[in-house]
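I am opening my notebook on a structure I have not looked at before. My entries follow in the order I looked things up.

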Amino acid sequence: MDQIKAPLTLSRRAFLGTSAVVAAGAAAGLVLPLSLRAQEQDKALQAELDALPPLRQVAADKGIDFGAAVEPIYLQDNDFSDAFIKECAILVPEWSLKWAAYAPTEGRLVFDDVDQLLRFAGAHGMKMRGHTLIWYAAMPDWAKAALAAASPARAEQMMESLCYSVAGRYRGRLTSWDVVNEAIEPKDNQDNGLRASPWLQAMGPDYIEKAFRLMAAVDPSAQRVYNDYAVEHNQEKADAMVAMLRRLKERDVPIQAVGLQAHLSVGKDLAPLAKLCKDIKDMELDLLITELDVEDTSYWLNDAAHDQRVADTARAFFDTVFSLLKPKQILTWGLSDRHTWLADPKWNSHNPLGLSTRPLPLDKGCRRKLLWKTLYQQISAL
Ligand code: XIL
C-alpha cells in the first residue's frame with residue numbers, strides 16, 4: 001500500500017499568513033467552526049440560561065403577558081410545543097386569523113386552526129389575542145374585488161359583516177384585537193400619510209374610526225389596538241401615526257392601545273422611539289409589543305456574532321421603551337428560529353435566498369439564546 005503522503009507542509013510565511021486570516025475571520029465573527037474554547041463558552045451560557053425561570057413567569061411577576069405568534073402545525077413538534085408551553089402566557093395566530101386564511105371563498109368561513117389555537121391556549125393557561133381585522137393585506141381575492149366595486153355604504157356593510165362574523169365568534173375570549181393594522185404609509189402620498197388601503201379607497205379616511213367604533217360594540221371585552229411597523233426606525237411614519245392617533249382621540253374614538261410590531265433590524269437606529277413612547281403615554285394609550293423579532297442581514301457571520309448583535313439591538317429597544325412605558329403584553333413573532341417568516345423569501349425581500357437567520361429568543365433546537373437572556377434581564381429589572 002503506497003505510503004500515505006504527508007499532508008502538504010506550509011511554508012512558515014504561508015502558515016503565519018493563513019493563521020492571521022483565520023484569526024481575523026474569527027474576530028470578525030465570520031462563519032468558522034467553533035473553537036473548543038467557543039464550544040465551552042456556548043455550553044456555559046446554555047447551562048446559565050437553562051437554570052433561569054421561564055419568560056412567562058418573569059413577565060407575569062411584572063404584570064406583563066409574554067408570548068409569541070404560532071400556528072397549530074408548529075405545535076406538532078413536541079420539543080417546540082413543550083418550549084412554547086414553558087415560555088408563553090399568551091399567543092397570537094400567525095396567519096390563521098387573517099381574512100385570506102379563514103375566508104378563502106365568499107360565504108365560507110374556516111376557523112379550524114383558530115379554534116385549535118384557542119383550545120391549546122385554554123389547556124395551558126394562556127391568553128390569546130386577535131390579529132387582525134381591518135388590514136390592506138392578506139385579503140381574499142373575492143373580498144378585494146368586492147371592496148373595489150363597493151359604494152361607501154356597501155363597504156361599511158362588508159366591514160360590519162367581517163367584524164361580527166369573526167370577532168363576534170370569539171367575543172369574550174380574546175384579550176385584544178389589532179382592529180386596524182398598518183394604516184400608515186407616507187410613501188403612498190395620501191392625505192395625512194395614510195396607506196392607499198382598499199378600505200381607504202372604498203370608505204375614505206373615516207374607515208379607521210368606523211372600525212374602532214364597530215369593535216366597541218362587537219366585543220367590548222377585547223382591548224382595541226392600532227398596530228403598525230417600522231415606526232421604531234422611521235420618523236416620518238412615526239409622526240404620521242401619532243398625528244392619526246391624536247385625531248382619533250380628539251374625536252373620542254374608542255381606541256385603547258398601540259401595538260408596536262417591533263420588527264427590529266440590526267444597524268438601524270431607534271431615533272424616533274423615545275418621542276413615540278412619550279406621545280403614546282401622553283395620549284393615555286396602552287402599549288403592546290406585538291411582533292418582536294430582530295433581523296440581521298449580515299448572513300456571513302457566525303451564530304455567536306449574530307446572537308450578540310440581535311441581543312444588543314433588542315436591549316437598546318427595551319432600554320428606551322422601559323424607561324418611559326411598561327407594555328401590557330410582549331409577543332415575539334415566532335418563538336424559535338425554526339419557524340420565522342424572516343427566512344421566507346416570499347415574505348422577506350431582504351432574504352431572497354431564504355438564508356438562516358436568528359431573530360427569535362430560541363434557536364432552531366428550541367434552546368434559549370442571548371435574545372432570550374436580554375428579554376429575561378430587561379423584564380426582570382422592571
Ligand atoms: C407573515 C407570517 O409570519 C407568515 O407565517 C405568513 O405566511 C405570512 O404573513 N406580521 C404579519 C404579516 O402579520 O405581515 C407577516 O406575517 C409578517 C409579520
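**Ligand site**

I started at the ligand and found a polar side-chain atom of E94 at 2.4 Å from one of the ligand's oxygen atoms. I note here that the model is predicted. Next I checked K98, where a polar side-chain atom lies 2.8 Å from a ligand oxygen atom. I then turned to H131. An N or O atom in the H131 side chain is 2.7 Å from an oxygen atom of the ligand. Which residues are around the ligand? I listed E94, W95, K98, H131, W135, H263, E291, W333, W341 and W347.

**Helix α13**

I moved on to α13, which covers residues 303-322 and has 20 residues. From first C-alpha to last I get 28 Å, close to the 28 Å expected at 1.5 Å a residue. At the start of this helix, I saw a side-chain oxygen of N302 reach to within 3.1 Å of the backbone nitrogen of A304. Which residues of α13 are buried? I wrote down A305, H306, D307, V310, A311, T313, A314, F317, F318, V321 and F322. I also looked for what covers them: the cover includes β8 (263-265), α12 (273-282), β9 (286-295), β10 (329-332) and α14 (370-380).

**R224**

My last stop was R224, in strand β6 (residues 223-228). Is R224 buried or exposed? I found R224 buried, yet without a salt bridge. The nearest side chain of opposite charge is D219, 7.3 Å away. Leaving out residues up to four places away in sequence, I logged the contacts of R224, among them W177, V179, F212, M215 and P254.

Conventions: Residues are numbered from 1 along each chain as its sequence is written. This is a predicted model: local features need pLDDT of at least 70, side-chain atom pairs count only at pLDDT 80 or more; totals for chains, interfaces and linings use all residues. Side-chain values use heavy atoms; hydrogens and water are left out. Helices (H or I, at least four residues) and strands (E, at least two) are DSSP runs, numbered from the N terminus. The expected span of a helix is 1.5 Å times one less than its number of residues. Buried means under 20% relative accessible area, exposed over 50%, partly exposed in between (1.4 Å probe, protein chains only). Contact means heavy atoms within 4.5 Å. A polar contact is a pair of N or O atoms within 3.5 Å; within protein, one must be able to donate a hydrogen and the other to accept it, and residues adjacent in sequence count only if both atoms are side-chain atoms. Lys and Arg count as positive and Asp and Glu as negative; His and the chain ends are not counted. A salt bridge is a side-chain nitrogen of Lys or Arg within 4 Å of a carboxyl oxygen of Asp or Glu. A residue is near a molecule or strand if one of its heavy atoms lies within 4 Å of it.
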